[in-house]
Amino acid sequence: MYSEEFYRDYENYLAEPIVRRSHDWALKVLAADSAFEKVVDLGCGASQEFRRFARPIFYFGVDNEAPGAHRGDYRQEKLSDILGTYEPSAFVSLFSTECSDSGFENYQFYTSLFK
């Protein structure tokens, strides 16, 4: 489990001007697409970056540890069990999925996710 210090340090990193500019640009592009109005954020973290800055109409943040998120391990549990009746139009994973497994495992994960 991440410590409070980790979440604080990460929040400070996200506030760095060059990081903020890069993220704001990407999130603005995504927010302009109506497909991102009803989002599931995989590994949303404590900052829930997509919710805060892209401001989708409906948001469902999933994280195994982060405070304020819907608790669940999207790699180990059936995602439909975590989401219940929530039907997203898009999935995002800004800082979690790609760095938490190999390219092959991620390919399999996304293939099953988009079914």
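Tutor: Here is a walk through the charged side chains, starting with the overall setting. Keep in mind that this is a predicted model.

Let's get our bearings. The protein has 5 helices and 4 strands, and from the N terminus on they run α-α-β-α-β-β-α-β-α. The C-alpha atoms fill a box of roughly 40 × 35 × 30 Å along the principal axes. A compact globule with 115 residues would have a radius of gyration near 13 Å, and the protein has 14 Å, so the two agree. Of the 115 residues, 37% count as buried. The accessible surface comes to about 7400 Å², with 54% of that belonging to carbon and sulfur atoms. As for how the chain meets itself, take the contacts between residues at least 6 apart in sequence: 47% of them join residues at least 24 apart.

Now for the charges. There are 12 positive and 19 negative ones, and their mean positions are 6 Å apart. Side chains of opposite charge can pair when their charged atoms come close. In this model the count comes to 4 salt bridges, and I'll go through some of them.

Let's begin with arginine 20. Arginine 20 forms a salt bridge with aspartate 24, and the closest N and O atoms are 2.9 Å apart. The two sit 4 residues apart in helix 2, so about one helical turn separates them. Helix 2 covers residues 17-31. Arginine 20 has a relative accessible area of 14%, which means that it is buried. Aspartate 24, with a relative accessible area of 32%, is partly exposed.

Glutamate 49 forms a salt bridge with arginine 20, with the closest N and O atoms 2.7 Å apart. This pair links distant parts of the chain: glutamate 49 is in helix 3 (residues 49-54), arginine 20 is in helix 2, and the two are 29 residues apart. Both glutamate 49 and arginine 20 are buried.

Next, look at aspartate 101 and arginine 75. These two form a salt bridge as well, the closest N and O atoms being 3.6 Å apart. Again the pair links distant parts of the chain, this time 26 residues apart, with both partners in loops: aspartate 101 lies between strand 4 (90-92) and helix 5 (103-113), and arginine 75 lies between strand 3 (70-71) and helix 4 (79-83). Aspartate 101 counts as partly exposed because its relative accessibility is 33%. Arginine 75, at 22% relative accessibility, also counts as partly exposed. Looking back over the pairs, salt bridges that share partners join Arg20, Asp24 and Glu49 into one network.

So which charged side chain is buried yet has no salt bridge? That's aspartate 41, and the nearest side chain of opposite charge, arginine 51, is 7.8 Å away. Aspartate 41 is found in strand 1 (residues 38-42). Leaving aside neighbours within four places in sequence, aspartate 41 is in contact with Phe50, Tyr59, Phe60, Gly61, Val62, Val92, Ser93 and Leu94.

Glutamine 48 is in the loop between strand 1 and helix 3, and it has a positive phi of about 45° although it is not a glycine. With a relative accessible area of 7%, glutamine 48 is buried. Arginine 55 is in the loop between helix 3 and strand 2 (58-63). Its phi is near 50°, a positive value in a residue other than glycine. Arginine 55 counts as exposed because its relative accessibility is 66%.

One last stop takes us back to helix 2, where isoleucine 18 is found. Isoleucine 18 counts as exposed, at 57% relative accessibility. Isoleucine 18 and glutamate 87 are 69 residues apart in sequence and 34 Å apart in space, C-alpha to C-alpha.

Note on methods
Residues are numbered from 1 along each chain as its sequence is written. This is a predicted model: local features need pLDDT of at least 70, side-chain atom pairs count only at pLDDT 80 or more; totals for chains, interfaces and linings use all residues. Side-chain values use heavy atoms; hydrogens and water are left out. Buried means under 20% relative accessible area, exposed over 50%, partly exposed in between (1.4 Å probe, protein chains only). Lys and Arg count as positive and Asp and Glu as negative; His and the chain ends are not counted. Contact means heavy atoms within 4.5 Å. The radius of gyration is taken over C-alpha atoms; the globule rule is 2.2 Å times the number of residues to the power 0.38. Accessible areas come from the Shrake-Rupley method with a 1.4 Å probe; for residues, only the protein chains shown count as cover. The place of a charge is taken as NZ of Lys, CZ of Arg, CG of Asp or CD of Glu.
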